[in-house]
Amino acid sequence: MTPLRVFLVLLFGILVMFQTFSLPGQFAHMAQESPDQAHLRWPLTAVSVFWLLCIQVVIVSTWKLLTLVKNDRIFSDAALAWVDAIVWAIVAAWVVLLGVFLYVGFNASDPGLPLLLFLMLVGVAVLGLLMVVMRALLRQATTLRTDMEAVI
C-alpha cells in the first residue's frame, strides 16, 4: 500500500500544480495567440480545473479507503461513504464532459474532437458504472461480515 500512497501524493501534487499554474497559463497564452478564441479562456480554465478537482476527490477518497483497509474497517458504512464520494465525483465529471461534448459537437467543423470526446464520455461512464458495481460488492461484503459477526 505504501507505493500506492506515494503515487497518490505525487499525483495530487501534480494536479494542484496544473490547477494553479499550467492550465490558467496555457489558456491565457491561447487567448493571446488566438484572439478569436479568447472568449473560451475562462470556460476552458474552469472546466479543466473542475475535472482535476474531481480527480482529487477520487484520490482523497482512495486514500481514506486505504486507511480503512489498513485498520480493518473497510467493511463499514464509512467505506461506503468514501466510495459514494468517488461515484459522485465521476458523475459530476461526466455531466460536465457531456456538456463539453454537446457544445463541441454542435460547433465542430471536423469530427475528430467530437469523436475523441465521445470516447472519453463512454470511458468515464464505464468507470462510473464499474464503481457502482464495486460499491454493490462492498455493500454485500459488509452485510455478510456483519451477519457473520452476529452469529459468532
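The structure is a predicted model, with local features needing pLDDT of at least 70, side-chain atom pairs counted only at pLDDT 80 or more, and totals for chains, interfaces and linings using all residues. Residues are numbered from 1 along each chain as its sequence is written, and side-chain values use heavy atoms, with hydrogens and water left out.

Helix packing comes first. Two packed helices are described by the angle between their axes and the distance between the axes. Helices here are DSSP runs (H or I, at least four residues; strands are E, at least two), numbered from the N terminus. Axes are lines fitted to C-alpha atoms, for helices over the stretch in contact, and angles run from 0 to 180 degrees between N-to-C directions. For α1 and α2, the angle is about 175° and the axes lie 9 Å apart.

The crossing of α3 with α4 is left-handed, and their contact holds 24 nonpolar, 2 polar and 4 charged residues.

Then there are the pockets. A pocket is an open set of points on a 1 Å grid over the protein atoms alone, where a 1.4 Å probe fits, with protein on both sides within 12 Å along at least five of seven lines; lining residues have an atom within 4 Å of a point. The largest pocket has a volume of about 510 Å³, volume being the space filled by probe spheres set on the points, which are joined across faces, edges and corners. Its lining counts 21 residues, with L44, V100, Y103, V104 and L113 nearest the centre. Two or more lining residues come from each of α1 (2-33), α2 (41-70), α3 (77-107) and α4 (112-151). By class, this lining has 16 nonpolar, 4 polar and 1 charged.

The second largest pocket holds about 240 Å³. Of its 13 lining residues, W51, C54, I55, A93 and V124 sit closest to the centre. This lining has 13 nonpolar residues, with no polar and no charged ones.

Finally, the structure holds 4 salt bridges (a side-chain nitrogen of Lys or Arg within 4 Å of a carboxyl oxygen of Asp or Glu). One of them joins R145 to D72, with the closest N and O atoms 3.0 Å apart. R145 belongs to helix α4 and D72 to the loop between α2 and α3, 73 residues apart, so the pair links distant parts of the chain.

Technical notes: Nonpolar A, V, L, I, M, F, W, Y, C, P; charged D, E, K, R; others polar. Left-handed = near helix turned anticlockwise from the far one by under 90°.
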